[in-house]
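Grab your viewer and follow along.

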Amino acid sequence: MLPIDPTKKLSFNRCIMYGDLVIVYERYDSMKPVKVSENGVLQNRFGVFKHSNWIGKQFGSKVFSSKGGFIYLLAPTPELWTLVLSHRTQILYIADISFVVMYLEIVPGCVVLESGTGSGSLTTSLARAVAPNGHVYTFDFHEQRAASAREDFERTGLSSLVTVGVRDIQGEGFPDEFLGRADSVFLDLPQPWLAIPSVAKMLQQDGVLCAFSPCIEQVQKSCETLKTYFTDIRTFEVLLHTYEVREGNLGSWQDSDGCLGTLKSCKKRHRSTNGLENSSPQTILARRNSEARGHTGYLTFARLKCDM
Ligand SMILES: C[S@@+](CC[C@H](N)C(=O)[O-])C[C@H]1O[C@@H](n2cnc3c(N)ncnc32)[C@H](O)[C@@H]1O
């Protein structure tokens with residue numbers, strides 16, 4: 001997923017080769033990961049696509065089937081991977097992930113601890129953020145989930161940036177080898193407050209913790225425990241709205257339940273043959289997507305207290 005070349009540069013500015021993972025894009029709600037192989041063939045409603053025709057193309061290329069249908073071959077970024085990975089657990093999505101990476105102050109070279117690993121959705125973005133010389137140590141007490149996550153990180157090319165351990169973090173805390181070494185810690189556990197005393201020992205001076213919890217009762221319990229070791233404790237809920245923008249008229253865009261949501265329209269302007277700008281009857285409509293993701297969980301951040 002993240003081709004790390006000898007110059008340690010992360011880039012998809014190279015051509016597709018055998019062994020690469022690509023995201024086959026039909027439309028925004030229809031994508032799937034495919035490993036490019038020598039005799040590989042992809043068959044879908046648009047026709048038959050031979051992998052051999054993809055070799056040497058750039059990520060982002062449009063490729064055609066024998067009957068003229070097309071797909072795009074996209075680079076497997078963490079953003080797209082989160083949308084196509086196999087869900088073995090509940091996962092974090094892009095709105096929460098981007099907020100977490102920013103607020104945990106994760107930059108190249110950081111050491112990040114995480115538990116639980118789950119489906120590795122967040123871990124993938126953490127790995128890219130610490131690359132090329134940082135590391136993510138992620139722990140899950142479920143052996144099979146940890147093994148599947150390891151396989152995924154191999155597949156996506158992230159295994160040199162992530163180590164998956166099997167451990168009961170609520171019961172045992174993080175391993176002593178990380179004492180005072182972590183720049184930041186992320187918890188997505190049912191009872192995160194049980195792991196907080198251990199997190200306080202693992203963080204470097206000024207380190208930041210984030211705990212994700214779906215219920216406010218969990219947040220309250222975490223905040224109570226956090227007060228002993230942490231300062232600057234804040235809780236956020238990130239809500240994401242997506243919009244669909246298209247040309248048309250209002251009548252063509254009634255939802256089946258009659259709800260239009262937030263709808264804005266403006267006349268499209270265009271240049272006529274005499275060079276003057278005119279208003280045309282075409283209208284651009286923008287509608288808030290009714291499928292927008294609502295509540296996922298609360299993100300509680302806190303910074304380690306310095307008692308000196
Ligand atoms: C909701 S999932 C994490 C999803 C992950 N954040 C993602 O984005 O894919 C929670 C995970 O925590 C793990 N877990 C629960 N209790 C645990 C514990 N005491 N120690 C370690 N892992 C635990 C579960 O096995 C599960 O895989």
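## Ground rules and overall fold

This is a predicted model, so local features are used only at pLDDT of at least 70 and side-chain atom pairs only at pLDDT 80 or more, while totals for chains, interfaces and linings take in all residues. Numbering starts from 1 along each chain as its sequence is written.

The chain comes to 7 helices and 16 strands. Here helices (H or I, at least four residues) and strands (E, at least two) are DSSP runs, numbered from the N terminus. Of the 308 residues, 31% count as buried; that word applies if 20 or more other C-beta atoms lie within 10 Å of a residue's own, with exposed meaning 12 or fewer, partly exposed anything in between, and C-beta atoms placed from the backbone. Take contacts between residues at least 6 apart in sequence, and 64% of them join residues at least 24 apart. A contact means that two C-beta atoms, placed from the backbone, lie within 7 Å.

The mean pLDDT of the chain is 88, and 83% of its residues reach 70 or more. That score is the predictor's confidence in each residue, from 0 to 100.

Residues 5-10 are the stretch to handle with care: pLDDT stays under 50 there, and the model has 5 contacts beyond four places in sequence for them. Where pLDDT is low, the predicted coordinates should not be read in detail.

## Around the ligand

Which residues sit closest to the ligand? They are G116, G118, S121, F141 and Q170, out of 23 that surround it. A residue counts as near if its C-beta atom, placed from the backbone, lies within 6 Å of the molecule. Helix 3 (121-130), strand 8 (135-140) and helix 5 (169-172) are the elements that give two or more residues to this shell, and helix 5 has the largest share, with 3 residues.

L194 is found in the loop between strand 10 and helix 6, and it counts as partly exposed because it has 18 other C-beta atoms within 10 Å.

## The nonpolar cores

The largest nonpolar core has 49 residues, and V112, L126, V130, V185, L209 and C210 touch the most other members. Strand 11 (residues 203-213) gives this core its largest share, 6 residues. A second, separate core of 6 residues includes I16, V22, V34 and L73. Such a core is a set of buried Ala, Val, Leu, Ile, Met, Phe, Trp, Tyr and Cys residues joined through C-beta atoms within 7 Å.

Zoom in on V130: leaving out residues up to four places away in sequence, it touches I106, P108, G109, C110, V112, H135, V136 and L161.

Helix 3 is largely enclosed by the rest of the structure, because 10 of its 10 residues are buried. Those buried residues pack against helix 1 (78-84), helix 2, strand 7, strand 8, strand 9 (162-166) and strand 10 (182-187).

Helix 7 (residues 216-229) has 14 residues and reaches 21 Å from its first C-alpha to its last, close to the expected 20 Å. The expected span is 1.5 Å times one less than the number of residues. In helix 7, Q218, V219, S222 and L226 are buried, and their cover includes helix 6 (196-202), strand 11, strand 12 (230-236) and strand 16 (298-304).

Most residues other than glycine have a negative phi, and most peptide bonds are trans. The bond from S115 to G116 is cis, with omega near -10 degrees; G116 lies in the loop between strand 7 (111-115) and helix 3. Another cis bond joins A131 and P132, with omega about 5 degrees, and P132 is in the loop between helix 3 and strand 8.

E105, in the loop between helix 2 (94-103) and strand 7, has a positive phi near 60 degrees. D206 has a positive phi of about 75 degrees and lies in strand 11. D206 counts as exposed because it has 11 C-beta neighbours inside 10 Å.
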